[in-house]
Amino acid sequence: MLKQLRVETTVNGSHDNESCLTHEQDDLSNKIRELESVMLGSDADILNTYGAAMIPQECDDSFLLEEERWRKMMEVISRGDLKEMLCACAKAMSENDMETTEWLMSELQKMVSISGNPVQRLGAYMLEALVARLASSGSTIYNALRCKEPTGNELLSYMHMLYEISPYLKFGYLSANGSIAEAMKGENEVHIIDFQINQGIQWISLIKALAGRPNGAPKIRITGFDDSTSAFARGGGLNIVGERLTRIADSCNVQFEFHAVGVSPSEVKLDDLDIRPGEAVAVNFAMMLHHLPDESVDIRVNHRDRLLRLAKFLSPKVVTLVEQDSNTSNLPFFPRFVETMNYYLAVFESIDAALPRDHKERINVEQHCLAREVVNLIACEGAERVERHEALKKWRSRFAKAGFSPYPLSSYVTSLIRQLQESYPGQYTLEERDGSLLLGWKNQSLVLSCAWR
């Protein structure tokens, strides 16, 4: 289980107790003071003890290299570039250079802030992740502490706020629903299999759209899979989602049936899906496939590809994919750290365009909806790292290998998505590439959406 550590952050020079980041101060401070005394020197004569007369000839080269290394570190700190310092700290950790790592951590804690600009806010959580990673390697300087968990209602409100202030999920839901609606034209019985239904918000608009078809509404059946975070937030099982969607369907005079599956997607079998003759099947993968272990975790059991093969066996009219467009699945630690920083910095910048920096709910949204992902990506390895994103090129390869071909979006659906993008403030971008749509911020692609058959 992921353990989150706490490191101190500051807001305008004072300690910020609202963060879930605190620091195990005494041991670290003592170690840093000792290190500074040796490397920086509080007394003008202290470095003389390492002068040439005191150093054996065979140690000259290593001493000069060490001196050069610390000179470069001092240059990094003097420039005050937070991104550069975070990368330097991660690089030192990747090289098992614990002295440099701990020293840079002590400097970084003075620079990060959960109420600062985007890089300061993200930096606070990336520093937490580095501390957590250091603790998991056996360091005794830090104590592992859990963040204060929000209640289910609080978490649900944070998730809803993120949904409202950013277009990412709406973009994915709109494009997926557009593909499903087009594929189901003329069908009388529609069966949608959603492998992570969350709160069921995606299907409200689709039920209403299908209810308004000129040739009459089809019978709709939705099969849903749950996840622990969504269940905790809603305070109960998928029966809550089913009842809500049933009320929506009744209000639209649509025949509706909901089926909750009691197993995880990684364990699902064909019989669990209750496929019936005469149904047109649609399969929906919205922000969930990256949580399934792939060959990089265990070459013997590739749940990601197995689920795609199962979906193909259903002969669906359409399969929709919405994912974060990031390459973190099998990268080594340091390049994964850089990829994570670039990706989430764009997300934090986009949130900055929607909410003031001192907005209390913004802090909660970032802490409970985004920081967990950041910490997991950086601090965890092996089966404990559940955030394993892949870029569009890799997803195209997986779907093609499973026997699928692309199902491009219509120009009408694309125009609706462009209207959605333009309705949000800031520098959002929309790109069409290889039959897929990618929503981004400035030059960083963030969310991809595509359909297959």
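User: What is the strand order of the open sheet of eight strands?

Analyst: Happy to walk through it! Strands of a sheet pair through backbone hydrogen bonds, either parallel or antiparallel. Here the order is β5-β4-β3-β6-β7-β10-β9-β8, and the pairing is mixed. Its edge strands are β5 and β8, each of which pairs on one side only. On average, neighbouring strands of this sheet are turned by 15° against each other, direction ignored. Axes are lines fitted to C-alpha atoms (for helices, over the stretch in contact), and angles run from 0 to 180 degrees between N-to-C directions. Two strands pair if DSSP finds at least two bridges between them. The elements themselves are DSSP runs numbered from the N terminus: helices are H or I of at least four residues, strands are E of at least two.

User: What should I know about the model before going further?

Analyst: This is a predicted model, in which local features need pLDDT of at least 70, side-chain atom pairs count only at pLDDT 80 or more, and totals for chains, interfaces and linings use all residues. Residues are numbered from 1 along each chain as its sequence is written, and side-chain values use heavy atoms, with hydrogens and water left out.

User: How many helices and strands does the protein chain have?

Analyst: There are 15 helices and 10 strands. Of the 453 residues, 51% are buried, where buried means under 20% relative accessible area, exposed over 50%, and partly exposed in between (1.4 Å probe, protein chains only). Among contacts between residues at least 6 apart in sequence, 76% join residues at least 24 apart.

User: Back to the sheet: which strands does β4 join by bridges?

Analyst: β4 is joined to strand β5 (residues 256-261) by six bridges, and the two run parallel; within that pairing, G224 has A260 as its bridge partner. Strand β3 (residues 189-194) also pairs with β4 in the parallel sense, over six bridges, and here I193 partners T223. Strand β4 (residues 219-225) is largely enclosed by the rest of the structure, because six of its seven residues are buried.

User: What handedness does the β-α-β unit of β3 and β4 have?

Analyst: A crossover is right-handed if, with the strands pointing away from the viewer, the path from the first strand over the helix to the second runs clockwise. The unit made by β3, helix α8 (residues 201-211) and β4 is right-handed. β3 also runs parallel to strand β6 (residues 280-286), joined by five bridges, with H191 facing V281 as bridge partner.

User: Which strands does helix α7 touch on the sheet?

Analyst: Helix α7 (residues 168-183) packs on the sheet and touches β6, β7 (318-324), β8, β9 and β10 (444-452); its direction makes about 15° with that of β10.

User: Do β8 and β9 run parallel or antiparallel?

Analyst: Strands β8 (residues 428-433) and β9 (residues 436-441) run antiparallel, with six bridges between them. E431 has L438 as its partner in β9. Two residues lie between the strands of this hairpin, where D434 takes a positive phi near 55°.

User: How do α3 and α5 pack?

Analyst: Two packed helices are described by the angle between their axes and the distance between the axes. For helix α3 (residues 82-94) and helix α5 (residues 118-136) the angle is about 10° and the axes are 11 Å apart. They are therefore roughly parallel to each other: angles under 35 degrees count as roughly parallel, over 145 as roughly antiparallel, 65 to 115 as roughly perpendicular and the rest as oblique. Among the residues that meet are L86, C89 and M93 in α3, and G123, M126 and L130 in α5.

User: Is M85 buried or exposed?

Analyst: M85 is buried, at a relative accessible area of 0%, and its place is in α3. Leaving aside neighbours within four places in sequence, M85 is in contact with V76, I77, L104, E107, L108 and M111. Helix α4 (residues 98-108) is largely enclosed by the rest of the structure, since nine of its 11 residues are buried; L104, E107 and L108 are among them.

Notes: Contact means heavy atoms within 4.5 Å.
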